[in-house]
Amino acid sequence: MDLTTTRTAPATTLRTAGRGTRCRTRRRARRRRTPSTVLATALATVVACLAAGCAPAGGPADDGRATDRGPARSSGVTPSTTRPVLAVKIDNAPAARPHTGLNAADVVYVEEVEGGLSRLMAVYATKLPKAVGPVRSARESDLELLRQFDRPMLAFSGAQGKLLPLIDRAPLETVTPGEAQGAYYRGWDRPAPHNLYLRPGRLLPSAPGAAALTTGFHYGAAPASGTAQASLTVRYPAVRFTFTWSGERQRWLVSTDGRATVTTDAGPVAPATVVVQYVRVRPSAFRDFLGNNTPYTETVGSGRAQVLRDGRAHDVTWKRAGAADGTEFTTRDGRRVAFAEGQVWVVFVKA
């Protein structure tokens, strides 16, 4: 991946331990059925499948991954006294744009997935939108990234079958279409699987609050250093993001593949701070249904990063000592780097 820069002059929680299942009808004892019975059974199957968030029969699958984990069952875990953040895996394929509910997120993580494409993880703590989506499948890297939060709630629509046991053992609450059918719905303005949406209000009575954001991020005055920056472009093999400073809005306007990134409910996406974090990206043990390897983005460790805020770029160092820790960003002389108040985008780039 390369960077192109343009510079200017100076509470309800859910948890299951079940394995993934697919929408299907149970096998019945053999019996004679009339045409009307067959039609009624078929219609019931379609309705049940759509309600559970499955792709229609013959339609595109969710990257070949299981789309349902079955009905929710209690794990006997006592919920934390602090309500968890809500993390939602969001589709970023061209057919999934524009997104819904993205501007309400406190943090948006961007990661590379199979085929050089990208996925977003939106984290909600201070406010909840009416709807978020389109929702898509989880990745192994998500489990390490989410360890920084106290039992976060992860909303996703399926995962690679062999990954599901790892998700079951992770210290988080899972919310899939099969576990919380009333919280999900299908939109009709685009084809499946790019039309699955989540209603956060069906999961949490209210936003958990800023105290749940244990990311390690520090907010305050900008560092004295930095270089004036008009825009910066981050390229993955099959997608590119450009962040352009708007003096009028005092925000970074996001564009994806050369087009403005907007939402259906709140207009253009414009974070206050953008972090380009250089990390190790290695092959994982998982592949999609086409045989493409799923990249694993390592977010524990240390390296370099660029922090964009207030129209300037700051070269910094990042460090995350362990999976349960947040990430610290410091200047070369060891001083902590503060972010601007508002939404933060963290874009993971291969070092």
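Modeller: Start with a definition: a salt bridge is a side-chain nitrogen of Lys or Arg within 4 Å of a carboxyl oxygen of Asp or Glu. This is a predicted model, so local features need pLDDT of at least 70 and side-chain atom pairs count only at pLDDT 80 or more, while totals for chains, interfaces and linings use all residues. Residues are numbered from 1 along each chain as its sequence is written, and side-chain values use heavy atoms, with hydrogens and water left out.

Colleague: Why is the contact of Glu173 and Arg151 called a salt bridge?

Modeller: The side chains of Glu173 and Arg151 meet at 2.8 Å, N to O. The limit is 4 Å, so the pair qualifies. Side chains of opposite charge can pair when their charged atoms come close.

Colleague: What makes this a link between distant parts of the chain?

Modeller: Glu173 is in strand β6 (residues 173-175), Arg151 is in the loop between α2 and β5 (153-155), and they are 22 residues apart. As for the names, helices (H or I, at least four residues) and strands (E, at least two) are DSSP runs, numbered from the N terminus.

Colleague: Why is Glu173 called buried?

Modeller: Buried means under 20% relative accessible area, exposed over 50%, and partly exposed in between (1.4 Å probe, protein chains only). Glu173 has 6% relative accessibility, so Glu173 counts as buried.

Colleague: How many salt bridges does the rule give?

Modeller: The count comes to eleven. One of them joins Asp142 and Lys89, with the closest N and O atoms 2.9 Å apart. Asp142 lies in helix α2 (residues 140-146) and Lys89 in strand β2 (residues 86-91), so the pair ties together parts that are 53 residues apart in sequence.

Colleague: Are Asp142 and Lys89 buried or exposed?

Modeller: Asp142 is buried, with a relative accessible area of 1%. Lys89 has 0% relative accessibility, so Lys89 counts as buried too.

Colleague: Which residues are linked with Lys89 in a network of salt bridges?

Modeller: The network links Lys89, Glu111 and Asp142.

Colleague: How do you know that Arg97 and Asp257 form a salt bridge?

Modeller: Their closest N and O atoms are 3.3 Å apart. Arg97 is in the loop between β2 and β3 (107-112), and Asp257 is in the loop between β11 (251-256) and β12 (259-260), 160 residues away. At 23% relative accessibility, Arg97 counts as partly exposed. Asp257, at 29%, also counts as partly exposed.

Colleague: What makes the peptide bond from Arg97 to Pro98 cis?

Modeller: Omega is near 0 degrees there. Pro98 sits in the loop between β2 and β3. The peptide bond from Gly133 to Pro134 is also cis, with omega near 0 degrees. Pro134 is in the loop between β4 (118-124) and α2. Most residues other than glycine have a negative phi, and most peptide bonds are trans.

Colleague: What is phi in Arg151 and in Asp310?

Modeller: Phi of Arg151 is near 45 degrees, a positive value in a residue other than glycine. Asp310 also has a positive phi, near 55 degrees. Asp310 is found in the loop between β17 (301-309) and β18 (312-320). At 34% relative accessibility, Asp310 counts as partly exposed.

Colleague: What makes β4 mostly covered?

Modeller: Seven of its seven residues are buried. Ser118, Leu120, Ala122 and Tyr124 are buried on one side of β4, and Arg119, Met121 and Val123 on the other. In a regular strand the side chains alternate between the two faces of the sheet.

Colleague: How do you know that β2 and β4 pair?

Modeller: Two strands pair if DSSP finds at least two bridges between them. β2 and β4 have six, so they pair, in the antiparallel sense. Ala87 has Val123 as its bridge partner in β4. Six bridges also join β3 to β4, which run antiparallel. There, Val107 stands opposite Val123. β3 and β4 form a hairpin with five residues between them, and Gly115 in the turn has a positive phi of about 70 degrees.
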